Structures are given as C-alpha cells and as structure tokens.
Amino acid sequence: MEFSSGRGRLKQARLAGDRRDLYPHSLQFYLEPPTENISLVEFESFAIDRLKLLKVVENLGVSYVRSSDSYKTKLEFELRKLKFPYKALAEDDYEARRKDHISHFILRLAYCQSEDLRRWFLQQEMDLLRYRFNQVTDNLRQKFLEHVNLSFEAVSEDLKNELANELYTSTPGLSKPLTKVKEQMFYKVGLADAVDLFRARRVFIKDGFAYVPFKEIDVIVLNNYRTKLSKALALTARSLPSIQSDERLQPLLNHLSHSYIGPDYSMQKNTGKISLEQIDTLSVKSFPLCMRQLHKALRDNHHLRHGGRMQYGLFLKGIGLTLEQALEFWKKEFIRGKVDADKFDKGYAYSIRHSYGKEGRRTDYTPYSCMKIIMSNPPSQGDYHGCPFRHSDPELLKQKLQSYKIPPSGIAQILELVKGMHYQLACQKYFELTHDVDNLGFSLNHPNQYFTESQRLLSGGRELKKELSNSGNSQQKSNSQESMNSNSAPTSSNTTADAELEGLEAYFTED
C-alpha cells in the first residue's frame, strides 16, 4: 500500500485495471494486503471507522448473546452506518469491500505492537467474521469456502443413510434420526480442523474425519481464520521496524492503538461552574473508579506522584476547574503534607500552568482517554494512577468494590469482565451499578465522558449547576468521604496528544 499526502483521491485512477475482481466475496480472510495508492486522510478515516466497528463488536458481544436478534440488529445497523459489507450488500458492494479490506490491514499494523493489542484485535475480528458468515446465504457461504480453499467433501446421501443413527446421536439439535439427517448437509472434515467440535462432543468421528453439519461449519472457518490471522499478526510485528521508519505512518499507528474516538474534552463548557467544595462529593457520585482512587490517595497522602498528577489534573481541568481553582486545589492539599508553599510555587505551580497552556509551548493539553490510561505508563509501587480494572490485583479490586457497597453479584460481573480483559466494559458495569441503571445506551471511552453522563443522569438531563452537591468540604479526610464513542471524529488535539505530553511530562518528574 502506498500513500499520498493529497486530500482528494481520483476514483478513476483507483479503479484503473478494474480492481473489482479483488473482492469477489463480501467475506474475506485478508490474505493479500492492498497494493493501491491511498491518501493519508482516507487512511485515517478508514482506520477510525473500523476501530469504531470493532468497539461495537466488543460491547455487543458482552451485552448480548451473539445469536440473539438484538445482537444481529444492532451490529447490522453499525455496519450500515459505517458503510462496511453486510448481508444486504452481498452481491454488489465494491466500495464497502474495499474499505473493509484496507481498514483491516491498517488496524493490523496498529494492533500488532503488543500481545494485549494482538489478542484484542484477533477476538473482535473473529466475532465480526462469525456474524458475517452466518448472515450470508448458503450459496454465498459455499462460494466463500471454495474461495479460501476450505472446500470440504460433502457426505453423500447413501453414506448419510448408512450413518443416520450415529449422526443423530452425535449431533445436537436433531430430533428424528432419518428425516432430520436427510434434510441436513454434512461435510467430512479432517479431525485437526474440527478439534473444538470434537472436544465439545458435537460431531460424529470416524476414520480420522469429523462429520460436521453445515450449521456448525462456522467453527471450522473461525479456527482456520484464527490460525491465519495469529500468524499474520506475528509476522507483521516483526516488520514493525521498517514501518516505524516512515514518519508519516508511525504517529498515526501509535495513535490508533491508543485511540479514543469520542468527543474532545480539552475544552469544557462547565469551566468555572464547579466549586472546590463540590469535588469531594462529586468524587463519590460522579467520578470513574480511576479518578475516585486518585482523589482518595491525594486526600490520604496529601501528595501524588507525577503520573497521578498528570492523569488526575487533566481530568479535573476537563470537568471544569479553572487554572486559578487548580492552583488553589493542589496547593492547599500539598502544603498539608511535606511540601511548603514556597516549594509548591517554585515547582509544582509551573507544571499546572503548563498543563493549562500558559507556559512552555502554550499547548492546551487534553485529558487522558480510557485507552491511553489502560495502554500506557502502568503504575509502579507507590503510584495510584492507571486503570483499576486493568492494573489492580483482582482480590484488591474486589475489596475496593466491596468498600464502595457494590453488591456481590455486581462484583462478580465486573471481575468476569476483567478476566476477559474487557476493562472499559467493566467500568461501564461499575457505572450502571453505582447509578442504578440497566443499560447505558452508549459505550464509555473516557473518564470525562463518565463524569458528564453521570451528572446528566443525576440532574435529570440538566447541565451541572454550581448549587448542586455543594455539601462537601475540600479539607475533609477522605476516609469519611469514602463511606459514602460517540460518533465524533478525533480532533487535531487528540492526534497530537502523545507528542504534546512528552513536553508536559518533563515538568512532572519531581516527586
């Protein structure tokens, strides 16, 4: 794939040589990388849309049974909206197929960079293929199997009659041996390709072959796809040094792997509407667990190390604290510890002004998204930043949730999501449990989004008012306090956030 810096692209040039034969089917194993020219603008647009799609796939896979009508309806809606292939476009959807092909390979580049990223990408791509494969017609499904060299031998009618009883007893879902077996198409599949079905005792085995009903063939397809994609991701990871030498691509790929695809919270409409006296109460009612943890640590220790100050300070800026309020907030707390007023003014105050764009390069820094918190700068001993669902020991996380009066059933659900590495969905479940709602109707991707949605819910949809939650005292000890993806495209401040923060971190290195 080659890239051009121009914003426009000529359709006639793109279709030179009639490339429609590149995509004979809506389904793909993505075996051949794209070779056409593509602008950097389209590169980023395709990648962002596919990332949005995979985030929806992840969210729906946890929230709904994959075979349910709700799951299928919601996922088809997203495919239509983002203009990716779906069943209604199975015959003539060149533009959607092209976007599907190119966007997969872009995210493959971005998500091959670590084991966690590879595992997440692989799972979502498999779930997406499973849905698509089961949605197309039997005829198109058969053509796809032939296209990817999975042409299994169909069991003849005579052999089906001969093995009717064995097929009936070994295949779940068949009621009457003769009639149902005759109606069902079976394939002879090598045992190595049907290991999962064999382990689950869902197929008949004879002479080294599994007799797989057509309705179970998706398991074989997915196993084959998993093997191919896992190997491809590993090979792509080895090629990263050559990709990283391209100064046009590397910033985009790094951004995508930590990407946040929601609103920009660097400019907060509530600026100045929150008083310092409200913060303690808000931390209990409307802060996500990561920020609640940081706030408690700050109140307990009267200090946070630089990682915590960056994460929490930018969050407070995003919810509406002015520069003057931030300076007062941090100074009052730090001088209660081992930092005197003179040391704060000479050191820490500069870094706070810098984060508000009043020093240095005058950059208006953006609050951290969930992906940035999860994927970068993990906490070490003595740190309180990071994502509690990602970085905490499960037993310690359980104890923390118990102290916040989360019911045992809810804790079990959260820990199960954490076990499956669905950290943002675990945070979403925490939101639902602490706000007594069943279904948010949106995906949580940002701590400031959590705060905004919490305040909207608690205030009945009204904007946050200064008069609300004014009972807290900013000087109280935290042990008494604690008793208590959007559809917007990323802005320029998001795409340059990593580069910007390099300069900011230099001012937070003093502990």
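**Exercise 1.** Which residue of β4 does E153 stand opposite?

*Solution.* The model is predicted: local features need pLDDT of at least 70, side-chain atom pairs count only at pLDDT 80 or more, and totals for chains, interfaces and linings use all residues. Residues are numbered from 1 along each chain as its sequence is written, and side-chain values use heavy atoms, with hydrogens and water left out.

Step 1. Helices (H or I, at least four residues) and strands (E, at least two) are DSSP runs, numbered from the N terminus. Two strands pair if DSSP finds at least two bridges between them.

Step 2. β3 and β4 run antiparallel and are joined by 2 bridges. Opposite E153 stands K188 in β4.

**Exercise 2.** Determine the strand order of the sheet and describe β4.

*Solution.* Step 1. The open sheet has 4 strands in the order β3-β4-β6-β5, with antiparallel pairing. Its edge strands, β3 (153-154) and β5 (204-206), each pair on one side only.

Step 2. Strand β4 (residues 186-190) is joined to strand β6 (residues 209-213) by 5 bridges. G190 has F209 as its bridge partner in β6.

Step 3. Of the 5 residues of β4, 4 are buried (under 20% relative accessible area, 1.4 Å probe, protein chains only).

**Exercise 3.** Classify the packing of α3 and α5.

*Solution.* Step 1. Helix α3 (residues 69-82) and helix α5 (residues 115-135) pack at about 100°, their axes 12 Å apart. Axes are lines fitted to C-alpha atoms over the stretch in contact, and angles run from 0 to 180 degrees between N-to-C directions.

Step 2. The helices α3 and α5 are therefore roughly perpendicular (65 to 115 degrees).

Note on methods
Buried means under 20% relative accessible area, exposed over 50%, partly exposed in between (1.4 Å probe, protein chains only). Angles under 35 degrees count as roughly parallel, over 145 as roughly antiparallel, 65 to 115 as roughly perpendicular and the rest as oblique.
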